[in-house]
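Visitor: Please take me through this model and give the cut-off behind each term you use.

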Amino acid sequence: MSDAREDEALGDALSDADILKALTLHSSRGGGPAIGGARLRHVRRQQLLRCRVVRFTERRHETPRTAFGKEDLSALPLYEGAITDHPLPVPEGPGKITLVRAGSYRPVPCPCDNGSQQCAGCSGSGGHPCTCRNEPPPCDVCLDVAPCAACEQTGGARARTTKARPAASGPGVTAPGSGRVSCAVCRTPEAACPRCSGRGRVRCPHCDGRGRETCARCSGSGVGTHDVCGGKGSLTHWVEGTVEYAHETASLSLPKPDWPDKVRQRLTTAARWQPRIVPPGGAVPAGVDDEHRAAVAAHLARGRVELSRRVTLETCPLARVELMDDPHRVFHVFPGARGLEVVSTLSDRLKRRLIAAGAVVIIVVVLALRLLT
């Protein structure tokens with residue numbers, strides 16, 4: 001459609017006479033000051049377009065797969081050759097189909113000891129040297145005092161054995177002012193530390209005095225799970241084909257809106273959009289402006305994985321109107337359910353004046369505050 005015919009079509013939908021009539025009715029309903037014998041200063045007509053395409057698509061993939069042990073794939077259908085060439089019936093809705101390429105199923109034994117291997121944490125020894133290095137740690141209760149008061153007085157400290165004992169437990173052992181017990185070295189009652197019984201050392205809590213800790217990874221067995229096969233002792237290799245069906249939605253709105261939010265909201269809720277029938281081949285239908293046709297054609301282009309589609313394409317004329325006798329307002333006129341709808345907004349000129357006036361007020365207030373302080 002040529003520019004002249006486009007302007008003519010938009011003019012038929014939104015003629016000057018119809019616009020003036022709608023503005024007069026809008027004013028009489030409380031839309032602002034009375035318009036009366038208004039004169040049009042400037043009218044810019046444009047076609048709004050919105051298009052939504054829901055494509056039912058098919059995407060196919062091949063992936064080499066590996067599983068631990070022997071994988072049972074008998075329930076999956078087989079396909080020959082490439083998955084892209086395998087014929088399948090088109091389902092009614094979204095979903096996913098999993099297949100196995102014929103001849104790709106291959107179970108293989110793992111070169112391990114039936115799923116086990118030497119523990120990597122302890123190199124098969126089942127344990128680690130303890131951090132105590134087989135030296136019983138000092139008692140943490142009597143560390144700064146005599147383990148046994150009697151042994152210190154009689155010089156029996158040298159005879160005190162270093163053989164540690166298990167640490168005593170319980171809240172009374174370390175409580176402030178806790179009583180002493182019989183010394184295991186000199187047998188003096190009520191003279192020794194209650195935790196170590198006068199020995200001065202206790203058994204290492206990590207290795208219980210053995211000087212060697214059990215490997216936590218293998219629990220002391222020295223054997224661990226073979227990571228390659230997950231402890232199964234075998235592997236299964238195959239090629240998996242997947243076919244995914246989905247609804248993919250794409251929306252287009254033209255032109256890019258440059259009108260206020262309340263105009264956009266009324267266009268969404270109150271405008272009467274005219275549906276356009278899209279031909280089966282996806283060509284741009286008649287009635288779409290030339291300025292939109294290239295974008296609509298690209299939006300309607302059929303994809304390689306597209307099986308079917310649902311298209312909704314609608315247009316709506318919009319006129320931006322300025323009046324000779326009302327320079328402070330701009331009117332947006334478009335067809336609605338009960339005739340032409342009118343939405344009025346402040347003109348750019350008035351907005352600039354209001355912003356400038358607000359800036360002047362702020363400057364005056366700032367200056368006044370400075371003078372007062």
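Visitor: Where is Val185 found?
Guide: Val185 belongs to the loop between α3 (149–154) and β7 (212–214). Helices (H or I, at least four residues) and strands (E, at least two) are DSSP runs, numbered from the N terminus. The model is predicted, so local features need pLDDT of at least 70 and side-chain atom pairs count only at pLDDT 80 or more, while totals for chains, interfaces and linings use all residues. Residues are numbered from 1 along each chain as its sequence is written, and side-chain values use heavy atoms, with hydrogens and water left out.

Visitor: Why is Val185 called partly exposed?
Guide: Buried means under 20% relative accessible area, exposed over 50%, and partly exposed in between (1.4 Å probe, protein chains only). Val185 has 24%, so the middle class applies. Ser197 lies 12 residues from Val185 in sequence and 8.2 Å from it in space, C-alpha to C-alpha.

Visitor: How do you know whether Ser197 is buried or exposed?
Guide: Its relative accessible area is 7%, so Ser197 is buried. Ser197 sits in the loop between α3 and β7.

Visitor: What makes the phi of Ser197 worth noting?
Guide: Phi of Ser197 is near 55 degrees, a positive value in a residue other than glycine. Most residues other than glycine have a negative phi, and most peptide bonds are trans. Glu190, found in the loop between α3 and β7, likewise has a positive phi, of about 50 degrees. With a relative accessible area of 69%, Glu190 is exposed. As for the peptide bonds, a cis bond joins Leu254 and Pro255, with omega about -15 degrees.

Visitor: Which residues of helix α5 are buried?
Guide: In α5 (residues 290–300) they are His292, Val296, His299 and Leu300.

Visitor: How do you know on which side of α5 they lie?
Guide: They cover an arc of only 85 degrees around the axis, which puts them on the same side of α5; the arc is that of the directions from the helix axis to the C-beta atoms. An α-helix has 3.6 residues a turn, so residues three or four places apart point the same way. On the face turned away from the buried side are the exposed residues Ala294 and Ala298.

Visitor: What covers the buried residues of α5?
Guide: The cover includes β1 (40–68), β9 (234–254) and β11 (306–323). Contact means heavy atoms within 4.5 Å. Not counting residues up to four places away in sequence, His299 touches Cys51, Val53, Arg55, Ala250, Ser251 and Leu252. His299 counts as buried because its relative accessible area is 12%.

Visitor: What makes a set of residues the largest nonpolar core?
Guide: A nonpolar core is a set of buried Ala, Val, Leu, Ile, Met, Phe, Trp, Tyr and Cys residues joined through side-chain atoms within 4.5 Å. The largest here has 11 residues, among them Leu49, Cys51, Val53, Val296 and Leu300. At least two residues come from each of β1, β9 and α5, and the largest share, three residues, from β1.

Visitor: Why is the pair of Phe56 and Tyr245 called stacked?
Guide: Rings of Phe, Tyr and Trp (its six-membered ring) pair if their centres lie within 6.5 Å, and planes under 30 degrees apart count as stacked, over 60 as edge-to-face and the rest as tilted. Phe56 and Tyr245 are 6.0 Å centre to centre, with 20 degrees between the planes, so the pair meets the terms for stacking. Phe56 lies in strand β1 and Tyr245 in strand β9, so the pair ties together parts that are 189 residues apart in sequence. A search of the whole structure finds one aromatic pair.
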